[in-house]
Amino acid sequence: MTTTVIKNAAWVIAWDEAPGRHIYRRNVDLAFDDGRISFLGQGYAGPVDRVVDGSTRLVLPGLIDIHSHPEHEPLYRGIREEHGLPSMHMTGLYERSQALSATDDDARAASAEFAYCELLLSGVTSLVDISPPWPGWIELFARSGMRGFLAPGYNSARWYLEDDHELNYAWDEARGRAGFAAALGVIDAALAHPCGRLSGVVSPMQIDTCTAELLRDSHRAAKERGLPFTVHVAQSVSEVREMIRRHGQTPVQWAEALGILGRGTILGHALFLDSHSWIRSWTKRDLAILGGSGTAVAHCPTPFARYGHIMENFGDYLRAGVTMGLGTDCAPHNLVEEMRKAAILARIAARDITTVTTADLFHAATAGGATALLRDDLGRLAPGKTADIVLIDLECPQMQPARDPLRSFVYHAADRAVREVFVDGRQVVGDGRVLTLDQKAAGSRLRAAQERMEAAAPGRDYRRRSASQITPLSLPLAE
Ligand SMILES: [Zn+2]
């Protein structure tokens with residue numbers, strides 16, 4: 001057993017169990033034995049193998065990201081920031097995923113390695129990685145040192161466009177069933193990995209691309225294994241309209257009717273509820289269904305904000321009793337920026353500064369995500385909890401003056417102040433650098449992979465356009 005002590009930490013965000021919230025503590029020691037926190041308080045006097053000076057540090061529980069797609073999102077840097085179709089209520093999801101996606105396994109590996117580095121450098125220690133399975137995924141994730149909730153995606157239908165306004169579905173239930181079986185195999189392999197940090201989430205991809213039977217069977221498989229279940233729901237106006245056309249119900253109401261909501265279910269996005277101003281359904285039940293059932297929502301504000309979409313609003317979801325967590329559904333994979341945007345966008349949506357607090361967003365990025373994943377040992381610093389720990393440099397210029405270091409971190413410094421990260425008691429970031437992966441090398445492979453992806457676009461796009469016609473550069477290029 002190895003005991004590490006963070007000695008005389010200037011600030012610690014500690015977990016206060018009775019009220020179930022984070023609190024500040026000052027000038028305390030935090031000790032962990034291998035992967036478990038053993039002491040948090042003043043004057044630690046037990047055995048020590050390693051001492052970390054905490055006098056210039058804010059100590060946080062590791063952040064928990066409950067929604068991401070590392071195998072392709074970094075490939076979209078420079079491509080998706082301003083890509084969207086006004087004729088599809090601004091979303092670019094369907095056009096982009098048809099024309100542009102990872103062309104090969106090296107593209108996926110480079111993209112994932114790059115994303116894992118971004119995540120570690122912004123203080124994420126637990127990640128839900130929703131990806132189609134690819135060879136080498138489990139080994140790369142294990143090597144990253146992060147805690148992994150691998151969510152191999154599958155579906156019964158794929159989207160396709162023949163024009164810029166109608167979303168079509170090509171159904172193939174046999175493919176969905178095969179994907180489901182393969183996903184359970186990947187999850188079993190992750191759980192059996194000797195690193196002990198990998199687990200799984202049963203992940204039929206989207207509510208509109210899966211049959212009722214596949215969704216029900218997937219949810220049952222998750223329950224039987226004691227694993228979380230996730231599916232994208234209410235992520236676009238097109239999807240909500242399609243589900244009402246098929247079932248006479250919103251996607252959330254249909255999910256309730258199928259029996260797939262409740263504790264352990266994470267809905268990706270759940271942005272366009274029946275009460276949303278872009279939907280304005282005659283029902284006003286969706287939020288109450290989510291809150292009453294114990295369902296969690298993975299909120300990822302950045303990709304939607306870029307389209308002009310906004311959740312209405314984060315504070316109302318909390319007050320309805322929804323378990324709120326955060327995710328990074330695009331590059332950059334920076335959960336601190338997501339906290340900041342979620343707070344500001346909620347206040348804009350509500351026209352009210354009191355609708356959410358910084359504490360609400362930090363809770364979502366830590367304990368909220370842990371609750372969604374059925375893991376109350378994560379996202380909290382207290383004796384007995386898991387030693388997933390992030391150290392923030394109070395002397396980083398953007399942290400100064402660190403009167404309220406959480407606000408300095410969330411609204412000012414973000415990833416620039418992350419110095420050390422421990423997962424399961426093992427150090428994976430030191431002096432602001434990832435110790436387990438090679439971000440620079442992954443970056444050059446990523447650029448080559450992006451070129452291959454762009455080259456394939458004309459053969460996949462419904463208008464046979466080049467990537468630069470689908471998504472032009474931000475400025476004209478001189479002749
Ligand atoms: Zn997603």
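This is a predicted model: local features need pLDDT of at least 70, side-chain atom pairs count only at pLDDT 80 or more; totals for chains, interfaces and linings use all residues.
Among the contributors, H1 gives the most, with four residues.

Two or more lining residues come from each of strand E2 (21-33), strand E16 (323-328), helix H12 (358-372) and helix H13 (405-413). Helix H12 provides the most, with nine residues in the lining of the second largest pocket. By type, eleven residues of this lining are nonpolar, seven are polar and four are charged.

The model also contains a zinc ion, whose protein donors are the NE2 atoms of His 67, His 69 and His 232 and an OD atom of Asp 329. These donors lie 2.0 to 2.5 Å from the zinc ion. Along the chain, the donors follow the spacing H-x1-H-x162-H-x96-D. The angles subtended by the four donor atoms around the zinc ion run from 81 to 172 degrees, and the arrangement is therefore irregular. A tetrahedral assignment would require all angles to lie between 85 and 135 degrees. Two of the donor residues were examined for accessibility. His 67 counts as buried because its relative accessibility is 0%, and His 69 also counts as buried, at 5% relative accessibility. The cut-off that applies to both is a relative accessible area under 20%.

Two cis peptide bonds may be described in the backbone, beginning with the one that joins Ala 331 and Pro 332, where omega is about 0 degrees. Pro 332 is placed in the loop between E16 and helix H11 (335-350); E16 is also among the elements that line the second largest pocket. A cis peptide bond likewise runs from Gln 400 to Pro 401, with omega near -15 degrees. Pro 401 is found in the loop between strand E17 (389-393) and H13.

Positive phi values occur at residues other than glycine. Asn 8, which is not a glycine, has a phi of about 55 degrees and is found in strand E1 (residues 3-16). With a relative accessibility of 38%, Asn 8 counts as partly exposed. Leu 374 is not a glycine either, and its phi is about 60 degrees. Leu 374 lies in the loop between H12 and E17 and counts as partly exposed, at 27% relative accessibility.

A search of the whole structure for disulfides finds zero. Such a bond is assigned to a pair of cysteine sulfur atoms within 2.5 Å. For Cys 195, the closest cysteine sulfur belongs to Cys 117 and is 17 Å away, which is too far for a bond. Cys 195 is partly exposed, with a relative accessible area of 22%. For Cys 300, the closest cysteine sulfur is that of Cys 330, and the separation of 8.2 Å is again too far for a bond. Cys 300 is buried, because its relative accessible area is 1%.

Ser 111 and Arg 445 are 334 residues apart along the chain, and their C-alpha atoms are separated by 8.3 Å. Ser 111 lies in helix H2 (residues 105-121), and with a relative accessible area of 0% this residue is buried.

Notes:
Residues are numbered from 1 along each chain as its sequence is written. Side-chain values use heavy atoms; hydrogens and water are left out. Ala, Val, Leu, Ile, Met, Phe, Trp, Tyr, Cys and Pro count as nonpolar, Asp, Glu, Lys and Arg as charged, and the others, Gly among them, as polar. Donors are N, O and S atoms within 2.8 Å of the metal (3.2 Å for Na, K and Ca); water is not among the atoms, so sites may look incomplete. Four donors count as tetrahedral if all angles lie between 85 and 135 degrees; four count as square planar and six as octahedral if opposite donors are over 155 degrees apart and all others between 65 and 115; anything else is irregular. Buried means under 20% relative accessible area, exposed over 50%, partly exposed in between (1.4 Å probe, protein chains only).
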